[in-house]
Amino acid sequence: MCPGVESDEPGTCPKCGMALERNSAWKAETKVVYTCPMHPEVEQDHPGTCPKCGMALERKTVIEEAEEDDSELREMTHRLRWGAILTMPVFVVAMAHLVPAWSHAEWANGEVSRWGQFLLTTPVVVWAGWPFFVRGWRSFINRSLNMFTLIAIGVGAAYLFSAASMLVPHWFPSESSHGGKPALYFEAAAVVTVLVLLGQVLELHARQRTGGALKALLGLAPKTALRVTPQGDEELPLDAVKPGDLLRVRPGEKVPVDGVVIEGRTSIDESMLTGEPLPVDKDAGAKVSGGTLNTTGGIVMRAERVGDETMLARIVGLVAEAQRSRAPIQALVDKVSAWFVPAVLMVAVATFVAWMVWGPEPRLAYAITNAVAVLIIACPCALGLATPMSVMVGLGRGAQAGVLIRNAEAIENLALLHTLAVDKTGTLTEGRPKLEVVVPAEGFDSTEVLRLAASLEQGSEHPLSHAVTGAAREGLIQLSAPVDFQSLTGGGVAGSVEGRRVQVGKAEFLRANAVSGIDGLEKIARPHQEVGATALFVAIDGQAAGTLIVDDPIKPSTPAALSELGELGVRVVMLTGDHLRTGTAVAAKLHIAEFHADVSPEGKHERLQALKSGGRVVGMVGDGVNDAPALAAADVGIAMGTGTDIAMESAGVTLVKGDLRGVARAIRLGRAMMRNIRQNLLFAFLYNALGIPVAAGVLFPFFGVLMNPMLAGVAMSLSSVSVIGNALRLRKGHFG
């Protein structure tokens, strides 16, 4: 009542005393949470590193407007730049003996050279590499040994050994010396530090790219909207739009929020949400989604869902949540990681001891060099990144293709999917049925039957109910409000209209309610059911009053979608609550060999359990409230994005467009992601299985080959980058 009064907390108006209401135009402050991609259970409200694995934490909440927090990347880049500048002369001096003209030069072998290496390497290790030592120390404190444990021990050992050789050379036996002077490994410590920094910078760059799909989706929403007012159109920020506002969308502009078209006709490009390239025609009454592109005509729409309620925001939220979930295959990685680092430490100790006992002179130098090489090359970052990177990239790519995967477990089930149970209405069919004919029973009028049935059906959200009420409104029939409305999911609805008891639903539903005269109406309905139409039976005051013949045409894309699923080796089973004759007709048209009709919601759940009893991975596709139990029971539930919210909440996968071809797309995506994960894990396991023995020196007795710690550092960095690069290939994948 008093628009000028504002407060940042609840209370009452000082002018009129009324309770203050929350201004819906105010944008709620988004809480920023940071989490670890390898350990999603780790969360905090500020940037930092994971106490378990030492990786930099990532922003959990995707905010398109927010500045990307690249403080970790900038810091690592700064350390890398100066570390590389200081390391270059150390590396040149240390490698001078390989060049004949320099092998005996004083500047490469004298005391000045040795002290120069010490002075230049110290800031590289102590300052540039300081974050690695901090993370390594934390790994001991938290009893969670990780890659930084190995880096800190390896680099620290090389540096401290060399520093001690410089400062207290008399501590070392003469056999550990080169030319009477203790050996130095400053170049190994410095170069490995720089290479690890390089690997961190490349990894941080790549990880930023994994969230690009979600940021691209968020960027689809326009920043402003054009609200229609009696005084004319006014431009306002998007976060000021409220449900019920009338908004004008001109040709070439993006739809600001979710809503329904009130005036005008146009074509909307929905490819950014559904993955389908062709624009969709929209006229009055059609729903539109925020972020889609208005291509041809101007429209006026009524806002219905704004802010976090829009389809676009829900998509981003679902995918961001799924990216943080852990695939079951990750359990294998967790088990391996639990003993991997302690095992590497034991191998490093064994390597040191073996070279000290059986190695050639200088034994101590060889022992330290090879033990450090083992520690450096065995860093398990590639192993830890193998699964989460593929999951993050793949789910973002799926969102762009109109496939929303709720959790990582659904990915594995999609890849292994053997049997797919599909609902009929809204899945195989359009889900927008139309009333074709009203057949009254003797003694009843068709208009009266439709009026009472439609009045009752106003209380239902079922597509068949919408067909009945829509036909009545098109016929300009005045409807009344129902009283004592009741709904039996999968059966029918009942209530009172204008003092008369009305029931609408299946024949069995009416019989169970002691309605007489159903047999004659079933005979009338039979020919319609045999060609795929659905019959609703109406009873008034306990007497059969008529039948409503509703037709729901098969989606044009359904035959092609079923063909694609067949090519993928997926067995399709149709489950429908419709009459057996209707189900038979639809199954025959689509060449579906196995189907079950007259199935209740509980029956669908039981059928799913039966299909799963053979140990096969079973999926379920549906879009209605009655499908929710079956969606939850399936190994992977797949909901049509055009269906009900409860169906989408019960499913592990949502198809934004509501097109069955999206199921084939989801299966291809799941298989590609699992293939990518297995490739990453195989590479990581082989890398360590081959690299560690070579670093320990097993080839030396046969070929005289040893791995310099610098080469171990290069291999370690490249392994992580290779895993991330392989995961990023999913961004360019084509999934139909």
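Helices and strands here are DSSP runs, with helices at least four residues long and strands at least two, numbered from the N terminus. Everything shown below comes from a predicted model.

**View A. Helix α1 packs against helix α3.** Here we look at α1 (residues 71-94) beside α3, which covers residues 111-128. Two packed helices are described by the angle between their axes and the distance between the axes. For this pair, the angle is about 155° and the axes lie 9 Å apart. Angles over 145 degrees count as roughly antiparallel, so that is the label α1 and α3 get. Their crossing is left-handed. On the α1 side, the contact is made by H78, R79, W82, G83, L86, T87, P89, V90, V93 and A94. Facing them from α3 are S113, Q117, L120, T121, P123, V124, W127 and A128. Sort the residues of this contact by type and you get 11 nonpolar, 6 polar and 1 charged.

**View B. Helix α1 also packs against helix α4.** Stay with α1 and turn to α4, which runs over residues 130-141. This time the axes are 11 Å apart and meet at an angle of about 120°. That makes α1 and α4 oblique to each other. From α1, the contact takes in E72, E75, M76 and R79. Their partners in α4 are W130, P131, F132 and R135. The contact of α1 with α4 splits into 4 nonpolar and 4 charged residues, with no polar ones.

**View C. L476 sits in a loop with a positive phi.** Now for a single residue. Where is L476 found? Look in the loop that links α15 (463-474) and β18 (483-488). L476 is not a glycine, yet its phi is positive, at about 60°. Is L476 buried or exposed? Its relative accessibility is 78%, and the cut-off for exposed is over 50%, so L476 counts as exposed.

**View D. H591 is another loop residue with a positive phi.** You'll find H591 in the loop between α19 (580-590) and β24 (594-596). H591 is a residue other than glycine, and its phi is positive, near 60°. With a relative accessible area of 72%, H591 is exposed. S563 can be picked out in this view too: H591 and S563 are 28 residues apart in sequence. In space, the C-alpha atoms of H591 and S563 are 9.8 Å apart.

Methods. Residues numbered from 1 in each chain as written. Predicted model: local features only at pLDDT ≥ 70, side-chain atom pairs only at ≥ 80, totals over all residues. Heavy atoms only, no water. Axes fitted to C-alpha atoms, helices over the stretch in contact; angles between N-to-C directions. Parallel < 35°, antiparallel > 145°, perpendicular 65-115°, else oblique. Contact = heavy atoms within 4.5 Å. Nonpolar A, V, L, I, M, F, W, Y, C, P; charged D, E, K, R; others polar. Left-handed = near helix turned anticlockwise from the far one by under 90°. Buried < 20%, exposed > 50% of the residue type's maximum accessible area, 1.4 Å probe, protein only.
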